[in-house]
Amino acid sequence: MKLFHRPTIVISQCLGFAACRYNGVTIPDPFVEQLKPYVTYLPVCAEVEIGLGVPRDPIRIVLINNEPRLLQPATGADVTEKMRAFAATYLTALTEVDGFILKGRSPSCGIKDVKVYRGVEKGTASTNKGRGFFAQAVLERFGHLPVEEEGRLTNFTIREHFLTRLFTLADFRAVKATGSMGELVRFHSDNKLLLMAYSESQLRLMGPLVANREKKPPAEVIAAYETHLWKALAHPARRTAGINVLMHALGYFSDKLTSAEKAYFLDALEKYRAEKVPLSVPVSLLGVWIARFKEPYLSRQTFFAPYPEELVTISDSGKGRDLG
Ligand code: SF4
């Protein structure tokens, strides 16, 4: 059974870690709770860190001369520069991090659809197109990592993509720490099918790097590989690419299965293509054959289990299908 490296996640502190919201409450989140045994959380509340107490008068994003500022209407305070300075200091000091879970809709932590006001007065018309100031700084510095809001993570597809990136990048961080070409070769080999599903074009560029015919120093190769890994995992795997990988894997058993077994698998694949069953249905069929025929290459492939099995839940809010 694969052992997963423990990812480190920076998380909005109000998501169950402290009662630090403006109104003195906390908002525990079931998915955040479920992840606890498998990750290391670094909770942070940007608004408390810049000296706003609990409870506090709420802050909001206000357009001043077309520039978004972070204001506290009740006191007239402008905390924009304080927030920027805190975010820069905090994020610069972060060395080991694999992802972020931020509180949605907050003028500090929200990554999308945050209210932007046209003035501080009550009832001022607003748009919903903003981004929190702390979240903006996170995305500028760590946009290559999985950064999500707790609300979007109730969507099955978004959650699966988040977890796959998170655990793959945590595994890679451990490879990087060894500085070993052997470990890089192992990582690349174990993730071959996952990378094939995510981005064949990046995979084609990563292979020659790992082969390292020019005998470049390992640190240089690993750094270049990491950049391609970030790009490869930036967008969710396409359904057709996943089907190609499953067909490729089926090829390992083509002379071992009966025609009825193959037909059953191809039927499951068709249902997956038609969005009638999740990827886990054809994957679990292959999993049975991998175990039965003791296929060593496939049994190491992260594609079949990119994150701990206990975290696989098929619940889906049906919301947040926009992955952008
Ligand atoms: S959303 Fe962010 S800034 Fe607001 S209370 Fe939660 S952690 Fe603090």
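This is a predicted model: local features need pLDDT of at least 70, side-chain atom pairs count only at pLDDT 80 or more; totals for chains, interfaces and linings use all residues.
Between strand 4 and strand 5 the hairpin has four residues, and here G76 takes a positive phi near 80°.

Strand 4 is also joined to strand 3, in this case by five bridges, and these two strands again run antiparallel.

Elsewhere in the chain, four strands form an open sheet in which the pairing is parallel and the order is 2-1-6-9. Strand 2 (40-44) and strand 9 (147-149) are the edge strands, each of them pairing on one side only, and from one strand to the next the twist averages 20°.

Within this sheet, strand 1 (residues 8-12) and strand 6 (residues 99-102) run parallel and are joined by three bridges.

## Two backbone details in loops

The loop between helix 2 (46-49) and strand 3 (60-64) contains P55, and the peptide bond that leads from V54 to P55 is cis, with omega near -10°.

A second detail belongs to D113, which lies in the loop between strand 6 and strand 7 (114-117). The phi of D113 is near 55°, and this is a positive value in a residue other than glycine.

## The residues around the ligand

Which residues are found around the ligand? They are S12, Q13, C14, C20, R21, C45, A46, E47, K103, S106, S108 and C109. When this shell is sorted by class, five of its residues are nonpolar, four are polar and three are charged.

## A pair of helices

Helix 10 (residues 239-250) and helix 11 (residues 259-273) have axes that come within 10 Å and cross at roughly 170°. An angle over 145 degrees counts as roughly antiparallel, and helix 10 and helix 11 are therefore described as roughly antiparallel to each other.

On the side of helix 10, the contact is made by R239, I243, L246 and L250, while helix 11 contributes F265, L269, Y272 and R273. Sorted by class, the contact of helix 10 with helix 11 has six nonpolar and two charged residues, with no polar ones.

## Two domains

The domain assignment divides the protein into domain 1 (8-153) and domain 2 (155-324), and the C-alpha centres of domain 1 and domain 2 lie 32 Å apart. The contact takes 14 residues from domain 1 and 13 residues from domain 2.

Which helix gives the most to the side of domain 1 that touches domain 2? That is helix 1 (residues 30-35), with three residues. Taken by class, the residues on this side of domain 1 divide into six nonpolar, four polar and four charged.

Terms used: Residues are numbered from 1 along each chain as its sequence is written. A residue is near a molecule or strand if its C-beta atom, placed from the backbone, lies within 6 Å of it. Ala, Val, Leu, Ile, Met, Phe, Trp, Tyr, Cys and Pro count as nonpolar, Asp, Glu, Lys and Arg as charged, and the others, Gly among them, as polar. Axes are lines fitted to C-alpha atoms, for helices over the stretch in contact, and angles run from 0 to 180 degrees between N-to-C directions. Angles under 35 degrees count as roughly parallel, over 145 as roughly antiparallel, 65 to 115 as roughly perpendicular and the rest as oblique. Two residues are in contact if their C-beta atoms, placed from the backbone, lie within 7 Å. Domain bounds come from an automatic or database domain assignment. Two strands pair if DSSP finds at least two bridges between them.
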